[in-house]
Amino acid sequence: MADAYAILTEKLGHAGSERLTRVLKRLMDEEEAEMVASLPCPVDELARKLSKEEEDVKKKLDGLFGKGVVFMTSRGYQFARNIMQLHDATGADVRLDEVWGRELLDLWEDFCQEEWYQAWAKGIETLNVPVWRTIPARKAISEGTKLLPAEDVKAILDKATRFAVTSCPCRRVAARCDLPREVCLQLNRAAEYVIARGSGRELTREEAMELLDFASEAGLIHMAPNSSEVVSAICNCCTDCCIFYYPLMKYGGLEKGVAKSRFQAEVDAATCDGCQTCVERCPFEAIEMTKVPGEKKLKAAVEPDKCFGCGVCAVECEAEAIKLVETRPPEHIPA
Ligand code: SF4
Ligand code: SF4
Ligand code: SF4
């Protein structure tokens, strides 16, 4: 077979990348890479093709499943369908730290910083609809607001049947902030996958809700796939490490990749006591303190264009002076 690592870098859309090859070599030896490059293929057929014992092939593939390199599909084991899936699955697994320390994570970071982030931001420019969407923190919503099912974390959790939490691969790899890491909420089949692999911890629905509240209080932004039905995950992201926010804020294209929520923060200047907590918490630098006629203290004011409608500012406003209000129509969320 031609160089198996070369085949795999090509499958991941980064043909010939030496940095990605180093990641792949850390994840699998040559024999394993050859097996993975031949997938999808039934185990017995693969064993015949590579002149190996079926049991040995099965054992190796099970090991690669445990590491997050291959995935179980209706056609048997299959290699990661794209670079993001491989990054997330292998980067989330804290058990691999016992084997490699930070080595694997540092190899990923080197590839991300030197090659992937820029290419990813360029690729995003061609999208017609953003792939992810900011989900408002439930404690930030103005009273009486009617949420749509795809933006209401409670409705999303009420509909889901299984829940699990994994460590955030973005913050583990990038390590540019000290915000909580064990906050990636997986739902339904995604939860089943991480539980089966042993890389995720099963949660009850109530624990999942507590996790989301904890994340927004810690300053993390809820984010989910941009469709009218959220079935796979609710991420809790920061703008320092997230594979969406960080490169798209650095290289451009943020709103092409991540949609704002349908909401925007609004301040009641009469109630605002000028504490500036919201200014420090806003991940998008969308709030500034301004002079209001007749007031001695400066008051918070939101720059609408910069606000992503995450609600991170409002959940910790003790005066309850800042809240999310609906500014975009239901059609903002694609079917
Ligand atoms: S998308 Fe967000 S929560 Fe998900 S892995 Fe990246 S930073 Fe973590
Ligand atoms: S956190 Fe609340 S009270 Fe403090 S400045 Fe912001 S809006 Fe005003
Ligand atoms: S002002 Fe900042 S923290 Fe508040 S909702 Fe907008 S983007 Fe989020």
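This is a predicted model: local features need pLDDT of at least 70, side-chain atom pairs count only at pLDDT 80 or more; totals for chains, interfaces and linings use all residues.
**View 1. The surroundings of ligand 1.** Ligand 1 is surrounded by 13 residues, and the closest of these are Cys168, Cys170, Cys235, Cys237 and Cys242. Two or more residues of the shell are given by helix H10 (169–174), and two or more likewise by strand E8 (233–237). By type, the shell around ligand 1 divides into ten nonpolar residues, one polar residue and two charged residues.

**View 2. The contact of helix H6 with helix H8.** Two packed helices are described by the angle between their axes and the distance between the axes. Here the axes of helix H6 (residues 83–91) and helix H8 (residues 103–124) come within 11 Å and cross at roughly 155 degrees. Because angles over 145 degrees count as roughly antiparallel, H6 and H8 are roughly antiparallel to each other. The crossing of H6 and H8 is left-handed. From H6, the residues Ile83, His87, Thr90 and Gly91 take part in the contact, and they meet Leu104, Leu105, Trp108 and Trp116 of H8. Among the residues of this contact, five are nonpolar, three are polar and none is charged.

**View 3. Arg205 in helix H12.** Arg205 has its place in helix H12, which spans residues 205–218. With residues up to four places away in sequence left out of the count, Arg205 touches Leu157 and Phe163. Arg205 is partly exposed, because 14 other C-beta atoms lie within 10 Å, whereas a residue counts as buried at 20 or more and as exposed at 12 or fewer. Between the C-alpha atoms of Arg205 and Ile124, which are 81 residues apart along the chain, the separation is 34 Å.

**View 4. The cis peptide bond between Leu39 and Pro40.** Most residues other than glycine have a negative phi, and most peptide bonds are trans. The bond that joins Leu39 and Pro40, by contrast, is a cis peptide bond, with omega about 0 degrees. Pro40 is found in the loop that lies between helix H3 (30–37) and helix H4 (43–49).

**View 5. Positive phi at Ala175 and at Glu320.** In Ala175, a residue other than glycine, phi has a positive value near 50 degrees. Ala175 has its place in the loop between H10 and strand E5 (184–187), and Ala175 is partly exposed, with 15 other C-beta atoms within 10 Å. Glu320, also a residue other than glycine, has a positive phi near 50 degrees, and Glu320 is placed in the loop between strand E12 (299–302) and strand E13 (322–326). Is Glu320 buried or exposed? Because 11 other C-beta atoms lie within 10 Å of Glu320, this residue is exposed.

Terms used
Residues are numbered from 1 along each chain as its sequence is written. Chains are lettered from A and ligands numbered from 1 in the order in which they are written. A residue is near a molecule or strand if its C-beta atom, placed from the backbone, lies within 6 Å of it. Helices (H or I, at least four residues) and strands (E, at least two) are DSSP runs, numbered from the N terminus. Ala, Val, Leu, Ile, Met, Phe, Trp, Tyr, Cys and Pro count as nonpolar, Asp, Glu, Lys and Arg as charged, and the others, Gly among them, as polar. Axes are lines fitted to C-alpha atoms, for helices over the stretch in contact, and angles run from 0 to 180 degrees between N-to-C directions. Angles under 35 degrees count as roughly parallel, over 145 as roughly antiparallel, 65 to 115 as roughly perpendicular and the rest as oblique. A crossing is left-handed if the near helix is turned anticlockwise from the far one by less than a right angle, and right-handed if clockwise. Two residues are in contact if their C-beta atoms, placed from the backbone, lie within 7 Å.
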